[in-house]
Amino acid sequence: MRLVTRLLRPASASTVTAAVVSWPTRRLIASGGQRYISNTKVCPLDQTSVLSRSVKMLDTVQCRKPFSADFFFRQLFDEQSHTYSYLLADITSKEAILIDPVLEQAKRDAKLIEELGFTLKYALNTHMHADHVTGTGYLKQLLPGTVSVISQNSGAKADRHLVDNETVQFGRHKLRALCTPGHTNGCMTFVVDEQGVAFTGDTLLIRGCGRTDFQEGDSRSLYRSVHERIFTLPENFRLFPAHDYKGNMETTVAEEKHYNPRLTKDIEAFVELMNNLNLPYPKMIDKAVPANRECGLFDIPKEA
């Protein structure tokens, strides 16, 4: 206070000059200014919100469940249809399941399963695909004893049809089937609760979702399926879709709840968006759907 009073009081030029250039005075003013800046620096509210959300997101990702020692997981890819297939197995019993196999990759998948010493118990489809022919029929021939599985609501043939919340057992591990219609009537999301993972098919993609303009598609049903069945899973659950077109491999419940540009909208805005996508007619639909109604049996290579 004495310093401020002194500087504000009328003074001669020599007095002011001495006060300004005096080293103790300069050091006092500088340190006071630094304290003021440090104590009053404020981030804009929007930046604060983004930073807080990002920190929480990182915490959620870091808290993902590790796979148990006896659980095998392998993500496989078909470049032509951009389809992900998933091989899961009980390492102790050697029983395995394969989710969303592709016809053209059936030999690759069968070879891998044999090399790893697994027995393929089930070949499952999350829904009746329109962009590729399923490999379940071919795998049943390559690996005798394989059981094909799909939703009871799919309209497709299979050895076993699942209903909502039914479980599929492989070794000591269980996969839980959730009905998540919207992309098609028969869409299911497969959840392995113990491992903290879910396989969402075409219902929920990474920062997107399946189209709803063909094959009994319904935007409102898809929105409800995601928000009521998938987004209600624990936020640290890892999500694996049936497709990706940008090189992404997985996501989490927390990420999609915050960053999915379609499904963060309210339902009316989502329906409006989906009704105006104007997507081209699926190239494979006229071939894939009839084949997949028959468990993919139409186009099995002749050498099988």
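This is a predicted model: local features need pLDDT of at least 70, side-chain atom pairs count only at pLDDT 80 or more; totals for chains, interfaces and linings use all residues.

Colleague: OK. Is Tyr86 buried or exposed?

Modeller: Tyr86 is buried, at a relative accessible area of 1%.

Colleague: And how far apart are the ring centres of Tyr86 and Phe240?

Modeller: They sit 5.6 Å apart with the planes at 65°, so that pair is edge-to-face. Rings of Phe, Tyr and Trp (its six-membered ring) pair if their centres lie within 6.5 Å; planes under 30 degrees apart count as stacked, over 60 as edge-to-face and the rest as tilted. Tyr86 is in strand E2 and Phe240 in strand E13 (residues 238-241), 154 residues apart. Strands (E, at least two residues) and helices (H or I, at least four) are DSSP runs, numbered from the N terminus. Phe240 is buried too, at 1% relative accessibility.

Colleague: How many aromatic pairs are there in the whole structure?

Modeller: A search finds 12. Among them is Tyr86 with Phe199, a tilted pair at 4.9 Å centre to centre and 55° between planes. Tyr86 lies in E2 (residues 83-90) and Phe199 in E10 (residues 197-201), so this pair ties together parts 113 residues apart in sequence.

Colleague: Which residues do ring pairs link into a cluster?

Modeller: Phe67, Phe71, Phe73, Phe77, Tyr84, Tyr86, Phe199 and Phe240.

Colleague: Switching topic: how many residues are in the largest nonpolar core?

Modeller: It has 22, and Phe190 and Phe199 are among those with the most contacts inside it. A nonpolar core is a set of buried Ala, Val, Leu, Ile, Met, Phe, Trp, Tyr and Cys residues joined through side-chain atoms within 4.5 Å. A second, separate core of 20 residues includes Leu98, Leu112, Ile113 and Ala288.

Colleague: Last one: which residues of helix H10 are buried?

Modeller: In H10 (residues 285-293), they are Ile285, Ala288, Val289, Ala291 and Asn292. Just after H10, Cys295 has a positive phi of about 65°.

Definitions and conventions
Residues are numbered from 1 along each chain as its sequence is written. Side-chain values use heavy atoms; hydrogens and water are left out. Buried means under 20% relative accessible area, exposed over 50%, partly exposed in between (1.4 Å probe, protein chains only).
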